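This report concerns the pockets of one protein model and the residues that line them. Please consult the sequence and the structure shown here.

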Amino acid sequence: MDKQEIFNSSVNTKFFGLLGNPLGQSAAPFMHNSVYQKLGIDALYVPLELSMDQLEPVVANLENFHYAGSGVTMPFKTQVHKYLDGLADSARFTEVVNTIVFEEGKKIGHNTDGTGFVLSLQKQLGLEIPDHNYLILGAGGAGTAIACALAMEGAKDIKSLCIAKDYFCAETLFDRVDRHFPFVCTIGEMTEKSIAAALERYDVIIHATKVGMYPKIDEILFDPDLLKPHHIVADVVYVPVETKLLREAAARGCRTLSGLWMNTYQAAEQMRLWLGIEPPMEYMYNHSLEYLKSQGKA
């Protein structure tokens with residue numbers, strides 16, 4: 001938002017929240033509010049940093065404080081469904097929610113992370129989803145949403161690898177995908193050996209952990225020399241916009257996709273759900289990139 005312009009809220013302003021912790025690294029408020037400003041929409045997106053014990057009462061009272069919907073991020077994506085009235089298909093398969101929509105007086109959970117990620121593959125890389133095999137590194141909320149969204153779009157071979165101490169997450173991911181899309185998904189423990197073996201079979205590599213996220217930008221999950229030029233490497237991390245993984249992959253001839261595109265497409269889908277608008281995609285991406293650069297986090 002231009003620093004010279006002042007937003008004046010009114011009794012007609014539509015408020016949208018972002019429920020999460022921590023939220024200092026999130027570019028979502030800037031992205032949403034920039035679009036509302038550009039399109040002349042009387043709306044304001046507000047970060048609400050909560051503790052876990054505050055989640056239920058805050059969700060219960062959103063509409064009492066004139067919120068018209070809310071985004072949800074870590075660590076609440078897998079918890080907030082307990083406090084909602086229902087789930088859309090995008091969230092019903094996984095019980096992972098990143099968007100709360102008010103529909104006829106009820107709070108309905110949606111997931112635009114998976115949808116946004118698939119759209120970024122289709123729109124930015126031109127991928128035909130059924131034509132590729134997918135390796136997902138990580139099995140948390142983002143990984144689970146992506147796995148289900150890929151399966152919904154016709155993917156036939158998805159493998160999720162997860163570190164041993166969090167292996168229950170991989171088991172949960174498998175149960176949720178296999179229940180609705182049998183024989184599509186397999187899981188395994190994440191080690192250097194298992195990653196190397198999987199890279200022999202899978203061509204689209206999706207990094208869905210926090211490794212490499214700001215401020216620990218020099219971290220990388222596996223030896224990038226395992227990558228070959230035919231691999232497509234996508235990251236869900238968008239701070240920084242180009243992670244070390246993506247830099248190393250590009251240096252080895254791989255096509256890459258920044259998590260900022262996933263974030264842009266998922267945010268656009270939220271705006272469609274809340275406001276029924278068609279958001280300006282390139283503006284959202286470029287403006288968010290400028291913002292991250294101004295914060296020294298690009």
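The lining of the second largest pocket has six nonpolar, five polar and one charged residues. In this classification, Ala, Val, Leu, Ile, Met, Phe, Trp, Tyr, Cys and Pro are nonpolar, Asp, Glu, Lys and Arg are charged, and the others, Gly among them, are polar. A pocket is an open set of points on a 1 Å grid over the protein atoms alone, where a 1.4 Å probe fits, with protein on both sides within 12 Å along at least five of seven lines; lining residues have an atom within 4 Å of a point.

The model is predicted: local features need pLDDT of at least 70 and side-chain atom pairs pLDDT 80 or more, while totals for chains, interfaces and linings use all residues. Residues are numbered from 1 along each chain as its sequence is written, and side-chain values use heavy atoms, without hydrogens and water.

Among the residues lining the second largest pocket are Ser 90, Asn 111, Cys 148 and Glu 153. α4 (112-125) supplies the largest share of this lining, five residues; helices here are DSSP runs (H or I, at least four residues), numbered from the N terminus.

The largest pocket has a volume of about 1100 Å³, a volume being the space filled by probe spheres set on the points, which are joined across faces, edges and corners. Of its 44 lining residues, the closest to its centre are Met 74, Ala 142, Ala 208, Lys 210 and Met 213. α9 gives the most to this lining, with five residues.

| Pocket | Volume |
|---|---|
| Largest pocket | about 1100 Å³ |
| Second largest pocket | about 160 Å³ |

Notes
Helix = DSSP H or I, 4+ residues; strand = E, 2+ residues; numbered from the N terminus.
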